[in-house]
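The following exercises are to be worked with the sequence and the structure in view. Each task is followed by a solution in steps.

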There are 2 protein chains.
Amino acid sequence: MSAIDDEALRGSFVTTPSKILLLVVDGLGGLPDPDTRLSELETANLPNLDALAHESACGMTLPVQPGVAPGSGPGHLALFGYDPVKYMIGRGALEALGIDVDLQEGDVAARGNFCTVDDQGNLTDRRAGRIPTAESAPLCHMLQDITLDGVSATVYPVQDYRFVLHLRGTDLSDQVGETDPQQTGVPPLEAQALSPEGARTASAVRQFVDTAARMLSERDRANMLMLRGFSQLPHLPSMGQAFGLNPGAIAAYPMYRGLASIAGMRVMPTGSTFTDEVYTLREHYHEHDFFFLHYKPADAAGEDGDFKGKVEALEALDRHIPDLLDLGPDVLIVAGDHSTPSIMAAHSWHPVPFLLRSKWTRGEGVDAFSERDCAAGSLGTFPASHVMTLATAHAGKLLKFGP
Amino acid sequence: MSAIDDEALRGSFVTTPSKILLLVVDGLGGLPDPDTRLSELETANLPNLDALAHESACGMTLPVQPGVAPGSGPGHLALFGYDPVKYMIGRGALEALGIDVDLQEGDVAARGNFCTVDDQGNLTDRRAGRIPTAESAPLCHMLQDITLDGVSATVYPVQDYRFVLHLRGTDLSDQVGETDPQQTGVPPLEAQALSPEGARTASAVRQFVDTAARMLSERDRANMLMLRGFSQLPHLPSMGQAFGLNPGAIAAYPMYRGLASIAGMRVMPTGSTFTDEVYTLREHYHEHDFFFLHYKPADAAGEDGDFKGKVEALEALDRHIPDLLDLGPDVLIVAGDHSTPSIMAAHSWHPVPFLLRSKWTRGEGVDAFSERDCAAGSLGTFPASHVMTLATAHAGKLLKFGP
């Protein structure tokens with residue numbers, strides 16, 4: 001049960017002037033380097049985070065459940081108080097949010113690939129030789145001219161051979177099957193409705209694909225396209241309304257702005273670095289009582305398998321901690337959406353270090369901010385969807401349960 | 001939500017060559033001796049398990065929920081990924097599995113007691129003076145000759161005054177009430193259908209009891225019998241199919257072979273000792289990607305209230321750990337189906353120590369395999385029905401959740 005849908009807590013959240021700052025360190029958790037036996041957090045020199053841990057309540061969060069490695073969507077929604085299994089965001093919708101597409105309720109988004117087919121229409125390369133963005137972006141632009149009956153289609157380049165298809169119209173549905181047959185030597189699949197309500201969308205998609213195929217047909221490579229992950233925005237209850245908060249979000253990367261936006265947060269424009277984000281936070285600090293602040297570089301280095309890079313990213317973050325403390329948040333949380341161990345070069349299922357500092361945290365003998373130290377903290381290993389209940393409690397915004 | 005019925009995880013499990021070895025130490029968890037303040041695990045000298053814990057992810061499993069002491073059925077099914085509350089195995093069926101009865105879907109099994117009644121048919125001893133197996137086994141054999149209309153009845157001795165009644169036929173049902181009135185001075189109850197579908201079975205049972213009563217009537221004691229726990233095998237989804245595994249089971253005791261079998265594992269013939277089991281594991285190691293290996297002596301000693309015996313059973317197990325490691329399993333798990341503290345001489349509800357070692361475990365400062373040490377592990381205290389999700393994740397068999 002996540003906090004947002006918990007009937008038992010409804011009406012228990014009160015609005016107060018106290019401020020909560022939720023710093024999400026993307027891909028925070030790690031694993032030890034096989035030689036040193038120390039994780040990225042244990043290797044990094046983190047005087048400020050360690051001092052913070054010393055006076056915080058510490059623990060480990062489980063993003064979804066034991067053994068389940070979450071994508072960015074479920075990882076963040078859990079921290080915002082949602083049940084990450086109930087509120088799934090589809091691949092196409094998340095990809096669209098990731099490039100700042102103005103995806104609205106009722107729209108449909110899909111991930112697209114340019115691919116290459118032979119004279120018979122059989123796939124020879126499912127990724128069109130991984131053509132660079134410089135080659136794919138003009139193709140996306142060219143495909144803007146396709147008009148469909150009653151459905152507006154827009155194509156946005158993502159990177160290399162990848163793009164997003166954005167459909168807007170009435171009665172659209174995500175019930176459309178992917179067109180990638182997952183093998184070469186056969187033609188791409190035709191878009192099929194997965195249920196009756198998908199019929200209209202599937203028909204529009206087939207019309208789009210046929211037209212695009214003709215427009216691309218003269219090319220040697222990237223002469224065809226495939227689509228998958230048809231999805232719509234899930235309808236999320238507003239986390240601000242659920243918790244009596246006026247939440248604001250600061251994230252340099254579009255995907256996290258998108259996630260904050262569908263959770264009902266106000267997304268503040270900011271620059272492309274964490275320094276910009278902290279500046280934006282300081283400028284707007286009087287405007288909200290809850291801030292989601294996103295730090296990306298730890299995950300980026302982890303996904304690249306760059307242990308040293310992740311250590312440096314954590315050390316760079318550590319140097320910003322005094323700036324955050326200077327603002328005097330009543331509750332300061334340092335959490336992660338998931339672990340991204342450098343030695344795995346991928347998101348993982350491992351529980352994620354967590355600290356929360358307020359005037360009601362006791363400092364519990366945790367001397368460092370690391371996986372091993374936080375595992376011994378007083379909060380134990382707990383579902384990430386409980387973080388918002390903890391946060392509001394420490395901020396004096398959650399009433400006593402029961403008489 | 002157990003892993004096997006979790007819609008959100010359906011399709012997320014992939015088959016790979018990696019191997020998982022699940023060692024279930026029956027009744028693993030214990031409680032401190034009042035004098036030494038050390039539990040069985042803390043008292044035992046366990047150099048191999050301690051070293052294993054040091055490089056593992058550790059935690060405590062909750063078999064069912066806090067405060068609930070499970071029987072062997074729920075304790076094992078949870079570890080195999082089933083919701084132990086949803087998939088209940090009845091008392092008669094479990095008893096039948098425990099003596100290797102060939103119980104099949106549609107059959108009904110019941111637990112039986114020989115008892116003693118007086119001239120008026122009133123109970124004078126509900127356990128017939130706890131007659132020894134040497135006396136009850138011939139009685140069971142004699143009762144084989146009873147023929148019922150369209151239902152085949154077989155009686156198997158268990159121990160002392162206890163036996164199993166196995167019914168096979170069409171349209172049988174477990175909807176039959178027990179015949180033990182739970183007091184002396186009154187006659188045994190007549191078998192009654194608990195719902196309309198139980199009518200045919202209840203009628204066959206009454207016919208069996210009447211005939212048996214006549215055959216036993218000349219005896220001084222054990223001149224009557226009572227039946228309870230009428231049950232059928234639950235229909236369980238195959239755990240192999242759910243997790244994309246080809247599971248094999250090695251257990252010296254019949255009940256655990258039965259439990260593995262109804263979960264869809266291939267049960268390998270083995271000898272009566274754990275040394276035999278390890279030999280069987282080595283012989284068949286190339287044939288499966290998942291092994292359930294059962295170790296009974298810890299529970300047996302615990303149930304006897306034999307603290308020292310349980311310590312010795314744990315030490316004996318410890319000496320086998322290097323043999324298991326030599327096989328090189330990608331994931332090695334040491335878990336328990338429940339706690340059996342010697343000072344309670346019974347199954348208990350206490351969370352059970354758990355360790356999992358793979359190349360993705362961080363080694364987290366847990367220096368010993370014990371209740372206190374595992375409670376400080378990074379996995380925290382978690383439902384046993386999540387063990388299979390963890391196992392498959394660490395074996396690289398569980399895909400990322402959500403984009």
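**Exercise 1. The contact between the chains**

How many residues does the contact take from chain B, and how many from chain A?

*Solution.* The model is predicted, and the predictor gives the complex an ipTM of 0.85 and a pTM of 0.88. Counting by chain, the contact takes 31 residues from chain A and 22 residues from chain B. On the side of chain B that touches chain A, helix 14 (residues 387-394) of chain B gives the most, with four residues. By residue class, that side of chain B divides into 10 nonpolar, nine polar and three charged residues.

**Exercise 2. Relating the two copies**

Determine which rotation and which shift superpose chain B on chain A, and state whether the copies use different surfaces.

*Solution.* Two copies of a chain are related by a rotation about an axis and a shift along it. Here the rotation is 127° and the shift along its axis is 1.4 Å, with an RMSD of 0.2 Å. The next step is to compare the contact residues: 9% of those of chain B recur in chain A, and the copies use different surfaces.

**Exercise 3. The overall form of chain A**

*Solution.* Begin with confidence: chain A averages a pLDDT of 95, and 100% of the residues score at least 70. Next, take the secondary structure, which in chain A comprises 14 helices and 13 strands. Along its principal axes, the C-alpha trace of chain A spans about 70 × 55 × 40 Å. As to burial, 55% of the 403 residues of chain A count as buried. Finally, among contacts in chain A between residues at least 6 apart in sequence, 72% join residues at least 24 apart.

**Exercise 4. The nonpolar core**

Identify the residues that touch the most other members of the largest nonpolar core.

*Solution.* In soluble globular proteins, nonpolar side chains tend to be buried together. The largest nonpolar core holds 251 residues, and those touching the most other members are Leu22(A), Ile333(A), Leu22(B) and Ile333(B). Take Leu22(A) as the example: leaving aside residues up to four places away in sequence, Leu22(A) touches Leu79(A), Phe291(A), Phe292(A), Leu293(A), Ile333(A), Ala335(A) and Ala391(A).

**Exercise 5. A covered helix and a loop residue**

*Solution.* Helix 3 (residues 72-79) of chain A is mostly covered, with eight of its eight residues buried. Just after helix 3, Gly81(A) takes a positive phi of about 105°.

Now turn to Asp337(A), in the loop between strand 11 and strand 12 (352-357) of chain A. The cut-off for a buried residue is 20 or more other C-beta atoms within 10 Å. Asp337(A) has 31 such atoms and is therefore buried. Beyond residues up to four places away in sequence, Asp337(A) touches Val24(A), Asp26(A), Pro63(A), Ser72(A), Gly75(A), His76(A) and Leu79(A).

**Exercise 6. Exposed loop residues**

Explain why Arg37(A), Asp171(B), Glu218(A) and Gln183(B) count as exposed.

- Phi of Asp171(B) is near 60°, a positive value in a residue other than glycine.
- Glu218(A), in the loop between helix 6 (199-216) and strand 7 (224-231) of chain A, counts as exposed because it has 7. Glu218(A) and Val117(A) are 101 residues apart in sequence and 11 Å apart in space, C-alpha to C-alpha.
- Gln183(B), in the loop between strand 6 (162-168) and helix 6 (199-216) of chain B, counts as exposed because it has 8.

Definitions and conventions. Residues are numbered from 1 along each chain as its sequence is written. Chains are lettered from A and ligands numbered from 1 in the order in which they are written. This is a predicted model: local features need pLDDT of at least 70, side-chain atom pairs count only at pLDDT 80 or more; totals for chains, interfaces and linings use all residues. Two residues are in contact if their C-beta atoms, placed from the backbone, lie within 7 Å. Helices (H or I, at least four residues) and strands (E, at least two) are DSSP runs, numbered from the N terminus. Ala, Val, Leu, Ile, Met, Phe, Trp, Tyr, Cys and Pro count as nonpolar, Asp, Glu, Lys and Arg as charged, and the others, Gly among them, as polar. Copies are superposed by least squares on the C-alpha atoms of residues with pLDDT of at least 70 in both. pLDDT is the predictor's confidence in each residue, from 0 to 100. A nonpolar core is a set of buried Ala, Val, Leu, Ile, Met, Phe, Trp, Tyr and Cys residues joined through C-beta atoms within 7 Å. A residue is buried if 20 or more other C-beta atoms lie within 10 Å of its own, exposed if 12 or fewer, and partly exposed in between; C-beta atoms are placed from the backbone.
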